[in-house]
Amino acid sequence: MTPPTPNRSLPGTLFLNFARLIFPAQIIASIFTPAVADLREELREAGTSRIKRFAVRCRWYWALCSLVMIAPLSVRTSPISGSVDAVVAVPNGGWLLVLLAATLYVGTWSFFGSFVISAASAGVALAFAMRRWHDTHPAVVVEPWRLSALPTVQINLSAIRVAGDGPGLIFAGGTVLIFFVGLPGLWWFFVAAALGSLLVAWGLFIRRSTGHSGLLNSIRCR
Amino acid sequence: MDLPTLPRKERLILDLLIATGPLYGLQLVNSSGGALKRGTVYATLARMEAKGYVESEQEEPQEGAIGLPRRIYRPTALGKRVRRAWVALARDLAFEVPR
């Protein structure tokens, strides 16, 4: 089914567009779209009274902000796009990582100043890009009834399933870009790191193509 | 096997849906007397739908409605059974559990 085309002038349209950048389609369809539809219905019932309409808008924008905060903590989705059955009630540990990163930025504000702003901006842009990629190119396909067997994401970078080639490259490239913007004097370090990582990747490729894939298997199983 | 759970808000939603019939999210909020909030009811409904307690469908576009069709919720057979089981359990334990 084709989703309805949003009209920018309707109340809640901007919010829905924003939510689509952050959340997968299942959550948009099951949580945010019904909420915005009810917002519009209540606005319609408020009639032409400006005071009533203002009160309705205030109530709903507060509610929608609350939904943005609680939706990731109360539901999570599988990589299968469009599967409503895949919504289960498990806290999503990825948001704890976001909280940790935010705390880190706040804590280092007095030392790094503008670097924090550039790192946060680049990080947000990178997160949007990775979400977009993941939604359109799901790297892991699982049956919904096997979701409980998946490892829980914790505050552990190595445990986050980046998977696929594209998101991994975006993650690595974005990380280097953030540090390069913040610490341009260390350009030589990034070049050396890139060359070193290429060397390691080449070594792993050779090892894998000759049949010695024990290390790769252990990484994949983790 | 994990037994079905029925937290307080999910119980209230099932009560309202069983008592009054299919409702929209906003109608649930309005008829709950302040117990359900606009900012949480949709996440709770999505969770209940995933657990199989409620089912929903989009309404037919109505005259005067602006933009999106609304989603209406109704209890499933499983939701009604879980609710009945909870009531029976609560009745059995009413004099056993200290307040």
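I began with burial: A:E42 and B:R38 are both buried (under 20% relative accessible area; exposed is over 50% and partly exposed lies in between, with a 1.4 Å probe and protein chains only). The model is predicted, so I kept in mind that local features need pLDDT of at least 70 and side-chain atom pairs count only at pLDDT 80 or more, while totals for chains, interfaces and linings use all residues. Residues are numbered from 1 along each chain as its sequence is written, chains are lettered from A and ligands numbered from 1 in the order written, and side-chain values use heavy atoms, without hydrogens and water.

Next I looked up what joins A:E42 and B:R38: a salt bridge at 2.9 Å, N to O (a side-chain nitrogen of Lys or Arg within 4 Å of a carboxyl oxygen of Asp or Glu). The pair joins two chains, because A:E42 sits in helix α2 of chain A and B:R38 in helix α3 (residues 38-51) of chain B (helices are DSSP runs of H or I, at least four residues, numbered from the N terminus).

Then I checked chain B. I found B:E10 and B:R47 in a salt bridge at 3.5 Å, N to O. B:E10 is in helix α1 (residues 8-20) and B:R47 in helix α3, 37 residues apart. Both B:E10 and B:R47 are buried.

A:E41 is buried at 11% relative accessible area, whereas A:R44 is partly exposed at 38%.

My search of the whole structure gave nine salt bridges over all chains.
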